[in-house]
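The sequence and the coordinates are shown below for reference.

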Amino acid sequence: MTDFIISGPELADSSKRDLFVVGGRLVDERPHGAETIDADGLIALPGLVDLHTHLREPGREDAETVESGSMAAARGGFTCVHAMANTQPVTDTAEKADYIADLGAAAGYVQVVPIGAITRGLAGTELAELGLMHQSRAGVRVFSDDGMCVMDSALMRRAFEWVRPFDGVLAQHAQDAGLAGPGACCHEGELSGRLGLPGWPSVAESVIIARDAQLAEATGSRLHVCHVSTAEGVDVLRWAKARGINITAEATPHHLYLTTSELTGYDTVYKVNPPLRTDEHVEAIRAGLADKTIDVVGTDHAPHAPQDKDHAFAEAKPGMLGLEQALSVVMETMVHTGRLDWAGVADRMSAAPARIARTSGQGRPLNVGELANLVLVDPSRRAAVDRGASASLSRNNPYHGRDLPDPVELTMWQGRITHRR
Ligand SMILES: [Zn+2]
């Protein structure tokens with residue numbers, strides 16, 4: 001195993017020092033015969049951790065595989081991704097969870113942590129084997145029916161009760177099925193009427209967050225809210241946190257950056273669930289992420305094959321790529337606007353997600369003794385995004401052609417270089 005001297009980087013806390021990597025860990029003594037990586041002018045951050053990744057394997061290996069998605073993650077500066085359960089078949093048993101973790105280990109680019117389904121087959125009617133998934137080798141601790149909202153309140157309460165003894169967390173896709181049904185695809189407002197697209201009202205998100213927050217409080221269990229997209233959702237989170245409820249939440253890069261006005265051309269690359277919102281909602285999400293009402297950035301990386309996107313807007317599948325440009329978008333919307341410093345980025349994209357999922361060895365400050373999970377960032381480089389250059393098997397990249405920060409120089413996972421520009 002190669003040892004490394006990472007020479008001259010600035011760390012998230014603005015201090016500047018060389019980093020020494022021996023046997024996959026950070027050590028305090030400069031190693032002999034090590035490879036030197038020149039990091040002068042670069043920022044060294046802990047490896048990024050994504051709580052919300054769709055890897056599509058098993059079932060849709062034409063859109064993404066664990067290997068291709070892992071490679072895209074490494075290119076984006078990630079050392080750990082949590083793989084959503086809505087594959088075909090759904091990850092709803094211990095065996096299936098272990099299978100995903102094994103595929104991730106075989107790919108070898110990032111730590112792949114399976115998320116288990118809350119309900120069997122994501123059908124929303126009976127609980128999946130939550131306890132057995134936790135006891136599996138994969139040690140599942142995050143459960144989600146993402147893509148679907150668990151609408152049955154009694155079932156949701158029982159799921160909270162099941163996961164509480166082992167400190168599990170339920171990650172809810174907050175979408176009231178009555179207020180925003182399966183066809184809803186455009187933020188409900190003036191534009192949805194003008195475009196003739198079924199509306200997805202913001203309250204369809206916030207009422208579920210409120211319900212689940214109260215269930216989490218009543219059961220003493222933990223709730224994580226996926227992809228918060230509305231000002232009303234942020235308001236409810238702020239109320240729940242002030243009350244001391246055990247609740248965390250994530251924002252996606254696209255909800256920090258893109259608005260519903262992208263939909264005027266009916267380009268299905270901008271179809272995503274929950275939908276892009278208006279400027280005032282984007283502002284609320286940015287403010288929430290800045291003041292920690294929203295704890296983390298989760299990519300909701302959602303690859304789709306062309307045959308699932310090349311349809312009329314209402315029929316196309318929702319979802320967009322996110323892993324490779326997540327840090328770019330966070331820099332553009334949060335760092336360059338003065339709302340987050342590098343310590344804030346390290347918190348929202350590494351420390352906080354690792355803490356929520358209790359992922360050991362990830363999200364740690366770059367101190368002696370820790371695993372060498374890190375990303376070297378060039379704070380000033382920019383480039384036009386080229387969807388063709390992606391490691392993902394899919395091309396539904398909403399940032400294609402846009403001028404954005406292009407920061408990731410090198411990613412290291414457990415002391416191995418998994419990406420280098
Ligand atoms: Zn979702």
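In helix α4, the buried residues are M156, A159, F160, W162 and V163; a residue is called buried if 20 or more other C-beta atoms lie within 10 Å of its own, exposed if 12 or fewer, and partly exposed in between, with C-beta atoms placed from the backbone. Seen down the axis of α4, these residues fall within an arc of 160 degrees, so they line one face of the helix; the arc is that of the directions from the helix axis to the C-beta atoms. The cover over the buried residues of α4 includes α3 (130-135), β10, β11 and α6. Helices (H or I, at least four residues) and strands (E, at least two) are DSSP runs, numbered from the N terminus, and two residues are in contact if their C-beta atoms, placed from the backbone, lie within 7 Å.

The model is predicted: local features need pLDDT of at least 70, side-chain atom pairs count only at pLDDT 80 or more, and totals for chains, interfaces and linings use all residues. Residues are numbered from 1 along each chain as its sequence is written.

**The parallel sheet and its helices**

An open sheet is formed by five strands in the order β10-β11-β14-β15-β16, with parallel pairing; two strands pair if DSSP finds at least two bridges between them. At the edges are β10 (142-143) and β16 (296-297), each of which pairs on one side only. Two bridges connect β10 with β11 (residues 169-172) in the parallel sense, and V142 has V169 of β11 as its bridge partner.

Helix α4 (residues 153-163) lies across β10 and β11 and runs at about 145 degrees to β11. Helix α6 (residues 203-219) also packs on the sheet, where it touches β11, β14 (222-225) and β15 (247-251); the direction of α6 makes about 165 degrees with that of β14. Axes are lines fitted to C-alpha atoms, for helices over the stretch in contact, and angles run from 0 to 180 degrees between N-to-C directions.

Helix α7 (residues 231-242) comprises twelve residues and reaches 17 Å from its first C-alpha to its last, close to the 16 Å expected at 1.5 Å a residue; the expected span is 1.5 Å times one less than the number of residues. The buried residues of α7 include V234, V236, L237 and A240. Among the elements that cover the buried residues of α7 are α6, β14, β15 and α9 (279-290). After α7 comes G244, with a positive phi near 90 degrees.

**The antiparallel hairpin**

Strands β20 (residues 408-413) and β21 (residues 416-420) run antiparallel and are joined by four bridges. W413 has R416 of β21 as its bridge partner. The two strands, β20 and β21, form a hairpin with two residues between them, and Q414 in the turn has a positive phi of about 50 degrees.

**Backbone features in loops**

| Site | Feature | Value |
|---|---|---|
| Q88 to P89 | cis peptide bond | omega near 5 degrees |
| N273 to P274 | cis peptide bond | omega near -5 degrees |
| R56 | positive phi, not a glycine | phi about 70 degrees |
| D300 | positive phi, not a glycine | phi near 50 degrees |

P89 is in the loop between β8 (78-83) and α2 (94-107), while P274 is in the loop between α8 (253-257) and α9. R56 belongs to the loop between β7 (48-53) and α1 (66-75) and is buried, with 28 other C-beta atoms within 10 Å. D300, in the loop between β16 and α10 (306-309), is likewise buried, with 31 other C-beta atoms within 10 Å.

The loop between α8 and α9 also holds G265, which is exposed, with 11 other C-beta atoms within 10 Å. From C-alpha to C-alpha, G265 and T119 are 37 Å apart in space, and they are 146 residues apart in sequence.

**The nonpolar core**

A nonpolar core is a set of buried Ala, Val, Leu, Ile, Met, Phe, Trp, Tyr and Cys residues joined through C-beta atoms within 7 Å. The largest such core has 131 residues, of which A44, F143, L237 and V330 touch the most other members. Helix α12 (residues 342-357) supplies the largest share of this core, eight residues. Leaving out residues up to four places away in sequence, V330 touches P253, L256, V297, V335, V345 and M349.
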